[in-house]
Amino acid sequence: MKASTGYDVSETDTAVLPASDRRDFWCDHVRANHGGLESRFDRAEGFTGKTVVQRSFGFQLMEFSSDAVEYERRQLDVRRDDDRSLRVLIPRAGLFRIGHGQDRDVIGPGSAVALSMSSPFTLGHGGDARAWVVSVPESSSTTLSCSPRMLDMTSGVGAVASAMLRQLSIQRNSLSTNDFREIGKSVTILIATLGSDVGRWPGVAQSAFEYVRAQSDDPTLTPVTLARRLGWSVRHIQAVLASVETTPSDLIRTSRLNRAKARLDDPAQRHRSITEVAYASGFGSVSTFNSAFRAEFGFSPSESRSARVRR
């Protein structure tokens, strides 16, 4: 996206074009506004899509609605564009599918996702979709990671940003260049603050600790299932736990080891073999349990039990 020297508002509707030209036009229109993106359509011919684009000095707000599309930003596109800005997708209707590496997420109204143009991703939606897309310049997006960041737009900073975007859209033909620039700066700051806000992370970390503590005996508990059950992506859980100097794998393993040691030290469970304790504590093999136990405590499970008996 090229920076404008003023404030421009443009409206586009594929309905004015012959059906045979609409998909190619939409592909070019998307690239003109967002750089390298491949578009795949459900329909063999014809396409309905509308946009209203407001832009000035590197800040852009696009409102769009369209038939079903799947967009992909490939590694090749990343290299060609060398674009490190963000696109913040804020659904207004319908559901949107986001893919990044092995992670998959679905979001709808009330949520948003910040996507870095410096990393490959996929984005798809059905025919009932409508959304805003905010383009955040690179200079204002350095506090956000390359991984997609899910944002809550229903309360706090997110709700304020949504309200400002709604008014930017409604008042688009009544704004001066300076009005749009200043409001755009404020929205950019709010989005950057929302996306990089780690103040809520201790609460998420606490939820992860509590869940693992209660469920670590479950052998199917992994970083992936932990993230899914908490409603976050794996990368988000990793970032949250990194802020308290641990990882999902370490958290699960430590909880299992502590529970296993408590069982070995419990006189009421002296009748259970070490193998039984290992499996009861969520470990998939005795050898893995023995190695992890020694690495954590400095002695083997059998030595731990022997020491307890001698005491």
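Student: What volume does the second largest cavity have?

Tutor: About 50 Å³. A cavity is a set of points on a 1 Å grid over the protein atoms alone where a 1.4 Å probe fits but cannot get out, and lining residues have an atom within 4 Å of a point. The volume is the space filled by probe spheres set on the points, with grid points joined across faces, edges and corners. Please keep in mind that this is a predicted model, where local features need pLDDT of at least 70, side-chain atom pairs count only at pLDDT 80 or more, and totals for chains, interfaces and linings use all residues. Residues are numbered from 1 along each chain as its sequence is written, and side-chain values use heavy atoms, leaving out hydrogens and water.

Student: Which residues line the second largest cavity?

Tutor: Its lining is made of Ile-98, Gly-99, His-100, Asp-103, Asp-105, Ser-147, Pro-148, Ser-233 and Arg-235. Strand β7 gives the most, with 3 residues. For the classes, Ala, Val, Leu, Ile, Met, Phe, Trp, Tyr, Cys and Pro count as nonpolar, Asp, Glu, Lys and Arg as charged, and the others, Gly among them, as polar. This lining divides into 2 nonpolar, 4 polar and 3 charged residues.

Student: Which residues touch the most other members of the largest nonpolar core?

Tutor: First, the general idea: in soluble globular proteins, nonpolar side chains tend to be buried together. A nonpolar core is a set of buried Ala, Val, Leu, Ile, Met, Phe, Trp, Tyr and Cys residues joined through side-chain atoms within 4.5 Å. Buried means under 20% relative accessible area, exposed over 50%, and partly exposed in between (1.4 Å probe, protein chains only). Here the largest core has 24 residues, and Phe-64, Leu-89, Phe-96, Ile-107 and Val-113 touch the most other members. Apart from this core lies another, of 22 residues, among them Tyr-7, Ile-90, Ala-112 and Leu-190.

Student: What is Leu-89 in contact with, leaving aside its neighbours within four places in sequence?

Tutor: Contact means heavy atoms within 4.5 Å. The partners of Leu-89 include Phe-64, Phe-96, Trp-132 and Val-133.

Student: How many aromatic pairs are counted?

Tutor: Rings of Phe, Tyr and Trp (its six-membered ring) pair if their centres lie within 6.5 Å; planes under 30 degrees apart count as stacked, over 60 as edge-to-face and the rest as tilted. The count comes to 10 aromatic pairs. Phe-289 and Phe-293 are edge-to-face because their planes stand at 65 degrees, with ring centres 5.6 Å apart. Both Phe-289 and Phe-293 are buried. Phe-293 also pairs with Phe-297, and that pair is tilted, with 4.7 Å centre to centre and 55 degrees between the planes.

Student: Why are Phe-293 and Phe-297 separated by about one helical turn?

Tutor: Because they are 4 residues apart in helix α10. Phe-297 has a relative accessible area of 22%, so it is partly exposed. Ring pairs link Phe-283, Phe-289, Phe-293, Phe-297 and Phe-299 into a cluster.

Technical notes. On a 1 Å grid over the protein atoms alone, a cavity is a set of points where a 1.4 Å probe fits but cannot get out, and a pocket is an open set with protein on both sides within 12 Å along at least five of seven lines; lining residues have an atom within 4 Å of a point. Helices (H or I, at least four residues) and strands (E, at least two) are DSSP runs, numbered from the N terminus.
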